[in-house]
Amino acid sequence: MKCYIAQDLLPLYCDNLTSQETNEDIEKHLLDCKNCSEMYENMKQKEDIIENINTNIEPLKKVKRTNIKRIIIISISSIIFLCTVFIFVFVGVIPIHSDKLDMELFYLSYNNYPDGSQRDVLQAVFTSNGNTLTSFPDIQTVRDENGNLTTYYEVTLCPTVKLPFKFDQREKQFVMPIIVPGNENDTLTVHCRDKTIVYKVSELIQKAKREEQ
């Protein structure tokens, strides 16, 4: 085998792409030709270096993928944490403590109620040291077997932080209007962080009348 033929076949021989007969001819030529043998050894060294580089890069790729996953997890966790803080602090989802909540009662008489009737209204006004309040009111009316209506007024109040923007219109008080006269079983329930306070509306009416005198 001539040198130029062997040298052309060496890259294929290094990649194990030549036939068995060709391999035997090349190996025989390498034993007799110093130049081709040195060329073959150089090719083998380059192949080994490339293989080692690929072998060393793979762990680095795994580390990189792991770091990317960690960054994504940390970013998502940070966003969730910040959103949670924003909701709890600025929107208000934790009920206020009963010691920080004040309630005033006002008994009002309307000669011309919005529906055109004359009606008395008890206003329960809730405040909390000037803080803004987020309110979750609920009014349920239940009719018994005799046709009498009982109204259950409920409210949950949460303290919030007033944002320093002009469009922030959150109130520093919450007003629960209670229509009177009602059923003697009507109640007003205030849900606080530490306890739930239940008032009888009839007693609140009497208290508001006494305070006006």
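The structure is a predicted model, and in it threonine 187 lies in strand β6. With a relative accessibility of 14%, threonine 187 counts as buried, because the limit for that class is under 20%.

The strand that holds threonine 187 belongs to an open sheet of four strands, arranged in the order β3-β4-β6-β7 with mixed pairing. The edges of this sheet are taken by β3 (132-143) and β7 (196-200); each has a single partner strand, so one side of each is left without a neighbour in the sheet. From one strand to the next, the twist averages 15°.

At one end of the strand order, β6 (residues 187-191) pairs with β7 in the antiparallel sense, over five bridges. Within this pairing, valine 190 has isoleucine 197 of β7 as its bridge partner. Helix α4 (residues 201-212) packs on the sheet and touches β4 (149-160), β6 and β7. The direction of helix α4 makes about 70° with that of β7.

At the other end of the order, β3 and β4 run antiparallel and are joined by twelve bridges. Threonine 134 stands opposite cysteine 158 in β4. The two strands, β3 and β4, form a hairpin with five residues between them. In the turn of this hairpin, glycine 147 has a positive phi of about 90°.

Helix α4 consists of twelve residues and reaches 17 Å from its first C-alpha to its last, which is close to the 16 Å expected at 1.5 Å a residue. Val201, Leu204, Ile205 and Ala208 of α4 are buried. These residues cover an arc of only 105° around the axis, and therefore lie on the same side of α4. Glu203 and Arg210 are exposed on the other side of the helix.

Strand β5 has a covered face formed by Phe174, Met176, Ile178 and Val180, whereas Gln173, Val175, Pro177 and Ile179 form an uncovered one.

A search of the whole structure finds one aromatic pair. The pair is formed by phenylalanine 126 and phenylalanine 174, which are stacked, with 6.4 Å from centre to centre and 20° between the planes. Phenylalanine 126 lies in strand β2 (residues 119-127) and phenylalanine 174 in strand β5 (residues 173-180), so the pair ties together parts that are 48 residues apart in sequence.

The surroundings of phenylalanine 174 extend beyond its aromatic partner. Residues up to four places away in sequence aside, phenylalanine 174 touches Ala124, Val125, Phe126, Leu133, Ser135, Pro137, Val155 and Leu157. For one of these residues, alanine 124, the C-alpha atom is separated from that of phenylalanine 174 by 8.2 Å, although the two residues are 50 residues apart along the chain.

These elements belong to a protein chain with four helices and seven strands. Along the sequence, the chain follows the pattern α-α-α-β-β-β-β-β-β-β-α. Of its 213 residues, 24% count as buried. Among contacts between residues at least 6 apart in sequence, 60% join residues at least 24 apart.

Notes
Residues numbered from 1 in each chain as written. Predicted model: local features only at pLDDT ≥ 70, side-chain atom pairs only at ≥ 80, totals over all residues. Heavy atoms only, no water. Pairing = 2+ DSSP bridges. Axes fitted to C-alpha atoms, helices over the stretch in contact; angles between N-to-C directions. Contact = heavy atoms within 4.5 Å. Buried < 20%, exposed > 50% of the residue type's maximum accessible area, 1.4 Å probe, protein only. Expected span 1.5 Å × (residues − 1). Arc of directions from axis to C-beta. Phe/Tyr/Trp six-rings, centres within 6.5 Å; stacked < 30°, edge-to-face > 60°.
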